[in-house]
Amino acid sequence: MSLLMWVFNVVFLSFYLLLSCPSAAHAYLDPGTGNVLVYVCISLVGALIYASKGAFYALLKLLGHQKQDAGTAVNAKSRFDRIVLFSEGRSYWNTFKPLVEAFIARQFPVSYLTMDVTDPGLTIENDFLDNRYIGRGTLAYHRINNLHAEVLVATTPNIGTPGYPIRRSPHVGRMTHILHGIDDIAFYHKGSLDHYDEVLMNGAYLADSIREVERKRGLKEKNLVVLGLPYLDVLASKMRHPLPPTDGRTILVAPSWGEKGLLPYYGSAFMQELLKAGYNVILRPHPQSYKVESKLLEKIRKELSPYENFAWDSEPDGSLSMEKADLMISDRSNVRLDFALLYERPVITLTIPFTDPEDWGVNDPHLWDDWEASDLKELWSEKVAGMIGIKLGRSETAKLPEHVKQLLAEKKSEDLSAMRSEWVANFRHSGEAMADYLISSLRAENNATIQMS
């Protein structure tokens with residue numbers, strides 16, 4: 001890469017990143033010309049980071065450090081087109097990290113494409129990994145929409161659905177969905193998986209909701225394979241073993257955000273009841289809450305600040321708070337299952353109208369029309385709420401300290417361990433299981449093609 005070409009890339013990417021910033025971002029900045037300067041600076045930094053990587057490798061090549069061939073019989077371009085992992089950004093890295101590591105360990109070339117210039121996956125340098133930042137906005141969508149891959153693996157729902165900017169590329173042979181949470185598909189938007197050929201499931205229970213939707217809409221059956229949940233393995237790897245003892249009186253409140261979250265509906269009253277009863281309470285708001293409901297968070301912070309046994313957790317990693325907690329209080333957030341299955345401790349689920357309309361007199365037959373839940377007879381996440389702990393409504397929170405005391409007296413660790421075995425296959429080894437499956441299934445397809453020809 002010439003110096004002139006490098007400069008051109010910096011200038012081009014600066015303008016591209018500036019123009020491709022989503023318009024929704026304006027909602028989080030005060031209006032005015034200052035915003036333009038902020039976006040220009042962000043765009044320039046992102047462009048420099050992206051372009052400097054190419055310049056670095058160009059310099060290495062000039063010095064004679066050519067990247068070694070991975071030992072395959074195909075050329076450098078096509079060998080990375082066999083299996084492509086697509087990520088929307090760094091928040092999904094825990095899902096893809098075990099897969100990337102497993103492919104590298106098996107010396108099988110894999111491509112990792114991300115729409116986030118800060119994605120940790122871009123920092124890995126290995127002859128068997130082609131990791132690329134593909135930009136954001138229109139240009140990124142164009143690249144994915146015209147991608148060449150024998151197998152495309154993505155966490156992204158809605159690919160191919162009407163109105164969604166990412167469609168299924170005609171050059172993709174098989175499209176495989178990988179989940180990033182312990183749940184069924186009830187709260188996927190309707191049609192989210194209609195264009196996928198395959199789903200890599202964490203547990204066999206998921207098949208019920210997927211097959212029910214397929215039958216009701218006359219869809220072709222997808223290939224469903226039970227292989228595990230990579231991101232849960234990453235969380236498990238961060239845990240200390242053995243876990244240090246807790247104080248027996250610490251409650252972690254971990255809500256979701258917006259209309260799905262408990263804070264707008266319950267406020268701080270239930271936490272004050274726990275604090276008055278002598279329990280230690282840690283509140284860990286969802287990261288998105290700081291963007292969409294900051295005034296509510298500030299109000300709750302002021303209401304709880306007089307209590308010495310209250311703590312606020314805003315750390316990027318919530319594992320320390322989970323480690324300290326004897327019990328979690330949440331809504332229908334998937335963090336409930338993470339906590340229950342990893343730390344083997346109980347959870348209290350507080351219901352809200354969005355997730356339990358009958359409980360609060362909400363009688364809107366179209367409430368769930370946009371979700372796959374509208375085509376399901378029952379919601380798996382609501383059923384398991386009573387298995388990992390208890391489910392309470394707003395009228396029952398007055399006796400919350402009593403419910404907490406009772407749950408803490410019950411030892412559910414053995415039950416929760418058994419549930420994990422049932423709901424999560426290949427625990428701590430799901431990345432390896434998925435890589436082995438994807439490699440073997442691709443080779444089987446290629447052999448079948450050769451025999452047919």
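This is a predicted model: local features need pLDDT of at least 70, side-chain atom pairs count only at pLDDT 80 or more; totals for chains, interfaces and linings use all residues.

Residues are numbered from 1 along each chain as its sequence is written, and side-chain values use heavy atoms, with hydrogens and water left out.

**Stop 1**

Helices (H or I, at least four residues) and strands (E, at least two) are DSSP runs numbered from the N terminus. Two strands pair if DSSP finds at least two bridges between them.

Select the open sheet of seven strands, ordered β3-β2-β1-β4-β5-β6-β7 with parallel pairing. Its edges are β3 (129-133) and β7 (223-226), each of which pairs on one side only. Neighbouring strands here are turned by 20 degrees against each other on average, direction ignored. Axes are lines fitted to C-alpha atoms, for helices over the stretch in contact, and angles run from 0 to 180 degrees between N-to-C directions.

Zoom in on β2 (residues 110-114), which is joined to β3 by five bridges and runs parallel to β3. Ser-111 stands opposite Asp-130 in β3.

**Stop 2**

Next, select helix α3 (residues 93-105), which lies across β1 (83-87), β2, β3, β4 (149-154) and β5 (172-178). Its direction is at about 160 degrees to that of β1.

Within α3, pick Thr-95. Is Thr-95 buried or exposed? Thr-95 is buried, at a relative accessible area of 2%; buried means under 20% relative accessible area, exposed over 50%, and partly exposed in between (1.4 Å probe, protein chains only). Show contacts, meaning heavy atoms within 4.5 Å. Not counting residues up to four places away in sequence, Thr-95 touches Thr-155, Ile-178, Leu-179, His-180, Pro-230 and Tyr-231.

**Stop 3: Glu-212 and Lys-377**

Move to helix α5 (residues 206-217), where Glu-212 lies. Glu-212 is buried, with a relative accessible area of 12%. Its contacts, leaving aside neighbours within four places in sequence, are Asp-375, Leu-376 and Lys-377.

Lys-377 counts as exposed, at 77% relative accessibility.

**Stop 4: the six-stranded sheet**

Now select the open sheet of six strands, in the order β10-β9-β8-β11-β12-β13, with parallel pairing. The edge strands are β10 (310-312) and β13 (389-392), each pairing on one side only. From one strand to the next, the twist averages 20 degrees.

Strand β8 (residues 250-253) and strand β9 (residues 280-283) run parallel and are joined by four bridges. Val-253 stands opposite Leu-283 in β9. Helix α8 packs on this sheet, touching β8, β9, β10, β11 and β12, and its direction makes about 150 degrees with that of β9.

**Stop 5: helices α8 and α10**

The axes of α8 (residues 269-276) and α10 (residues 294-304) come within 11 Å and cross at roughly 20 degrees. The two helices are therefore roughly parallel to each other; angles under 35 degrees count as roughly parallel, over 145 as roughly antiparallel, 65 to 115 as roughly perpendicular and the rest as oblique.

Which residues make the contact? Met-271, Gln-272 and Leu-275 of α8 meet Ile-300, Glu-303 and Leu-304 of α10.

The buried residues of α8 are Phe-270, Met-271, Gln-272, Leu-274 and Leu-275. After the helix comes Gly-278, with a positive phi near 95 degrees.

**Stop 6: helix α12**

Finally, select helix α12 (residues 335-343). Nine of its nine residues are buried, so α12 is largely enclosed by the rest of the structure. The elements covering these buried residues include α6 (230-238), α11 (319-324), β11 (327-330), β12 (347-350), α13 (380-385) and α15 (413-423). Just after α12, Glu-344 takes a positive phi of about 55 degrees.
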